[in-house]
Amino acid sequence: MAKILIVDDDPENREILRARLEAAGHTVTEAPNGEEGIWLVDTIMPDLVFLDVMMPKIDGWHVCGQIKSNAKTQTIPVVMLTAMGQQIDKLRGWESGADEYLTKPWDPAKLLEIVAKWCPRSEKSAPQAEGTR
C-alpha cells in the first residue's frame, strides 16, 4: 500500500483524509503546515502528497513548487486539495507543478481512484487485500 503525506492546517480535514486512506490500507503521515510538509517530503519520501492550498506562512502553491524543484522529490505526485474551485486557482495549481487538483468536499471514491492512479503498486496490492477479507 502507499505511503501518503497529508499537508493541511485544518485538523478535521487531516483526520477525514487519514481515516479514509488508512481504511483503504495506506500508511499516512500528517503535517499541519507547509514548512513541516516540505521537511517531511524530503525526509520520508512519500509515494503521494495531498496538499491544501490555503495555509498560514507557506501556502500550498509554494510547497508544491518546492517539492517539484527539488531533484530528490520532484517525481513525487502532488494532489492539491482545496475549497478553491475557480479556474484561475486550478491554473495556478498546475503552474506550481501539481499533478492533480481536487476541490473540497471531495468524493471518497474519487480520492481512492487518485491514489490508485498515482501509486500503481498500491493498486496492484488492493485485490490481494480484498481477497483476504
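Strands β3 and β4 (residues 78-82) pair in the parallel sense over four bridges. Pairing requires at least two DSSP bridges between two strands. Helices (H or I, at least four residues) and strands (E, at least two) are DSSP runs, numbered from the N terminus. The model is predicted: local features need pLDDT of at least 70, side-chain atom pairs count only at pLDDT 80 or more, and totals for chains, interfaces and linings use all residues. Residues are numbered from 1 along each chain as its sequence is written, and side-chain values use heavy atoms, with hydrogens and water left out.

In β4, V79 is the bridge partner of F50. From β3 the chain passes through helix α3 (residues 60-69) to β4, in a right-handed β-α-β crossover. Right-handed here means that, with the strands pointing away from the viewer, the path from the first strand over the helix to the second runs clockwise. β3 also pairs with strand β1 (residues 3-7), again in the parallel sense and over four bridges. There, I6 stands opposite F50.

Strand β3 (residues 48-52) is largely enclosed by the rest of the structure, because five of its five residues are buried. Buried denotes under 20% relative accessible area, exposed over 50%, and partly exposed in between (1.4 Å probe, protein chains only). In a regular strand the side chains alternate between the two faces of the sheet. Both faces of β3 are covered: L48, F50 and D52 lie on one side, V49 and L51 on the other.

Helix α2 (residues 34-44) has G34, G37, L40 and V41 as its buried residues. These cover an arc of only 115° around the axis, so they sit on the same side of α2. The arc is taken from the directions from the helix axis to the C-beta atoms. The cover over the buried residues of α2 includes β1, β2 (27-31), β3 and α3. At the N-terminal end, N33 caps α2, with a side-chain oxygen 3.2 Å from the backbone nitrogen of E35. After α2 comes M45, with a positive phi near 50°.

D8 lies in the loop between β1 and α1 (11-23). It counts as buried because its relative accessibility is 2%. A polar atom of the D8 side chain lies 2.8 Å from the backbone nitrogen of D10. The D8 side chain also makes a polar contact with the side chain of N13 (3.4 Å). A polar contact is a pair of N or O atoms within 3.5 Å; within protein, one must be able to donate a hydrogen and the other to accept it, and residues adjacent in sequence count only if both atoms are side-chain atoms. Leaving aside residues up to four places away in sequence, D8 touches N13, R14, A31, P32, D52, M55 and K104. Contact means heavy atoms within 4.5 Å.
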